[in-house]
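Biologist: Please show me the model, and let us discuss it by question and answer.

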Amino acid sequence: MDETVAEYIRRTVLKIPRGEIKMMLQKWGFLSEAQLQTINFHQIKENISQNVVQLCEENSADIKQAAVLDIIYNHIYPNKRMWSVYQMNKTGEEIEFFDLADFKKKFKRRLRSALINVTINFREYEDNAVWIRVAWGTPYTKPNQYKTSYVVYHSQTPYVFISASVLKSNLPLLCQALVFASNYHDIREMELRSHSLNSLKDIVFKRYSQYCISSQNYVSGFFHFSSQLLFPAADLRIIQENRNEKERIQRVNREIFGDGPLPKLEFAQYKLETMFKSHPKIDVLDKKEPFRCLVKFSSPHLLESLRSLAPAGMADAPLSPLLTCIPQKAKNYFKIRDKKGFFPESFVSP
């Protein structure tokens with residue numbers, strides 16, 4: 001077994017949590033059950049990885065088997081990577097039967113016609129998802145197995161989820177191969193990115209429910225009952241006003257976000273490219289130059305954080321449509337520009 005393959009397998013095993021190494025090796029299926037029984041999975045991970053490498057040497061593992069192990073790791077831990085959503089388009093409305101063998105053949109042929117030194121591996125999963133792993137080289141160097149691109153393509157849909165390599169120059173080649181292999185006309189980035197691959201799928205496939213029933217429907221009744229016990233009668237008008245406002249905020253929040261779980265996005269970015277707004281008679285700027293600004297909202301779970309702002313009293317309800325439209329528009333990168341022709345030439349709106 002090649003030393004680079006052995007080292008790659010060792011590093012992949014070291015990335016796996018110790019309690020899940022055996023399970024992942026079983027999913028891999030390259031080592032027999034009898035071989036796995038010889039490994040002490042309670043020892044330190046460095047020793048486990050060395051034992052795995054020794055067994056792989058006995059089975060003469062090559063880079064193809066090592067790549068499959070890496071695909072399995074990334075399938076179980078997709079949140080370790082940043083994913084971007086792309087949408088492909090056809091020239092007509094015809095629906096073609098998806099042939100996986102033909103897709104693989106055409107994808108490899110197109111990519112290798114542009115770059116000889118490239119490693120391509122596929123793995124299919126039950127949800128009609130094809131996982132593609134691409135390790136890139138150059139015309140003069142072997143593929144770098146540590147700088148890979150990942151593609152998740154659901155057949156019969158125009159959506160592709162790409163986790164690009166740090167070698168950004170190879171992204172156009174990857175997109176061209178996808179369009180060619182899937183018989184589409186072109187491809188565009190949707191400006192929707194996240195570490196949570198499943199949340200991106202929920203948004204573009206519209207798998208999450210915005211209107212769910214939860215116990216929040218009964219919060220107002222409990223609030224009314226408990227307020228009569230805690231506050232004197234003289235304060236009932238204030239209590240009623242507070243209760244009405246609380247109910248309004250909950251109702252507006254439900255209409256916008258729903259009661260169910262929301263897709264997990266870590267950020268939303270707004271790039272402003274607007275002109276400074278001033279009155280035609282008070283020209284404060286000598287030159288009409290765009291006002292450029294970048295605003296980024298970050299949170300471990302941005303949509304849940306936005307949903308909690310109004311009930312916590314930290315923002316008015318409803319929130320700005322620029323914040324609440326993220327799931328509906330399926331994007332978390334926005335560019336805000338002026339509306340052309342809406343204002344006179346000397347009075348431009350931001």
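This is a predicted model: local features need pLDDT of at least 70, side-chain atom pairs count only at pLDDT 80 or more; totals for chains, interfaces and linings use all residues.

Modeller: Residues are numbered from 1 along each chain as its sequence is written, and side-chain values use heavy atoms, with hydrogens and water left out.

Biologist: Is strand E5 (residues 159-163) largely enclosed or open, and how many of its residues are buried?

Modeller: Strands (E, at least two residues) are DSSP runs, numbered from the N terminus, and buried means under 20% relative accessible area (1.4 Å probe, protein chains only). On one side of E5, Tyr159, Phe161 and Ser163 are buried, as are Val160 and Ile162 on the other. The strand is therefore largely enclosed by the rest of the structure, its buried residues being 5 of the 5.

Biologist: Which residue of E5 is the bridge partner of Val152?

Modeller: Two strands pair if DSSP finds at least two bridges between them. Strand E4 (residues 141-154) runs antiparallel to E5, joined to it by 4 bridges. The partner of Val152 in E5 is Phe161.

Biologist: With which side chain does the side chain of Thr138 make a polar contact?

Modeller: Thr138 lies in strand E3 (residues 129-138). A polar contact is a pair of N or O atoms within 3.5 Å; within protein, one must be able to donate a hydrogen and the other to accept it, and residues adjacent in sequence count only if both atoms are side-chain atoms. At 2.6 Å, the partner side chain is that of Thr141.

Conventions. Buried means under 20% relative accessible area, exposed over 50%, partly exposed in between (1.4 Å probe, protein chains only).
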